[in-house]
Amino acid sequence: MPNQAVPIVVVQDGQLAGRRWPLDKPSITLGRGEECEIVLPDRQVSRRHVRIWRAEDGFYVEDLGSKNGTYVNGIPATGRVKLQDGDEIQVALSVRLLFVGADATLPLTREMIRVSLPGLRLSKTQRRVWVGGKELDPALSLAQYRLLELLYERKGKVVTRDDVIQAVWPDSDESGITEQAIDALMRRLRDRLAEADPDHEYIVTVRGHGFRLEDRV
């Protein structure tokens, strides 16, 4: 059976970032122990930490009495929890895995895997942002996200202040948006990106022209 027809889990960060496993068995155990089908070499992970299994109506995850718990989308998994495409499984809050359902298209699967890589990644459907494999939390404000999406779509190209106004405040009178408002928004966005990746300047000011996004290679 082709991989794209089988659900997979993808490690989002850490030393296994980008590693993926197909859920092609009735039940798969994840943990630190070598006997597990998916071995997660992290001290916070129990030897047999969690299992994912297939039922008639979909896939479920269940914590196996681990010391540090299992979370689905940040919520503790108590009992069995049904998985939906795009759910994030956190094993002991130290290893994050993305569940990609069998009905996800191959391009979408590849994009989901790419969020684990260095640099900036966006999910436009969910308005989520990853920097260096780490999701920004709390999420960006609507204005900050619109600005980042504009810069991201024109990566490496100059975005003018008029472009910013049209993208961030599409329903506002352009004359009412001051340069100070644009600069303040740009500064807040820069600060959020710097918190996640302080060693790289993502937004460059091109004096007299506008701004440019310089992603990590």
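Residues are numbered from 1 along each chain as its sequence is written, and side-chain values use heavy atoms, with hydrogens and water left out. Because the model is predicted, local features need pLDDT of at least 70 and side-chain atom pairs count only at pLDDT 80 or more, while totals for chains, interfaces and linings use all residues.

I will start with the sheet. It is open, has 3 strands in the order E12-E13-E14, and the pairing is antiparallel. Strand E12 (120-123) and strand E14 (134-135) are the edges; each has a single partner strand, so one side of each has no neighbour in the sheet. Strands here are DSSP runs of E with at least two residues, helices are runs of H or I with at least four, and both are numbered from the N terminus. Two strands pair if DSSP finds at least two bridges between them. E13, residues 128-131, pairs with E14 over 2 bridges, and Trp-130 stands opposite Glu-135 in E14.

Pro-138 sits in the loop between E14 and H2, and the peptide bond joining Asp-137 to Pro-138 is cis, with omega about 5°. As background, most peptide bonds are trans.

Next, helix H2, residues 142-153. H2 lies across E12 and E13 and runs at about 115° to E12; axes are lines fitted to C-alpha atoms, for helices over the stretch in contact, and angles run from 0 to 180 degrees between N-to-C directions. Which residues of H2 are buried? They are Gln-144, Tyr-145, Leu-147, Leu-148, Leu-150, Leu-151 and Tyr-152. Buried means under 20% relative accessible area, exposed over 50%, and partly exposed in between, with a 1.4 Å probe and protein chains only.

H2 also meets helix H4, residues 179-196: their axes come within 10 Å and cross at roughly 80°. The two are therefore roughly perpendicular, a label for angles of 65 to 115 degrees. Among the H2 residues making the contact (heavy atoms within 4.5 Å) are Ala-143 and Leu-147, and H4 contributes residues including Met-186 and Arg-192.

Last, two loop residues. Asn-73, between strand E7 (70-72) and strand E8 (75-76), has a positive phi of about 55° although it is not a glycine. Asn-73 is partly exposed, at 45% relative accessibility. Leu-93, between strand E10 (88-91) and strand E11 (95-100), also has a positive phi of about 55°, and Leu-93 is exposed at 53%.

Technical notes: Parallel < 35°, antiparallel > 145°, perpendicular 65-115°, else oblique.
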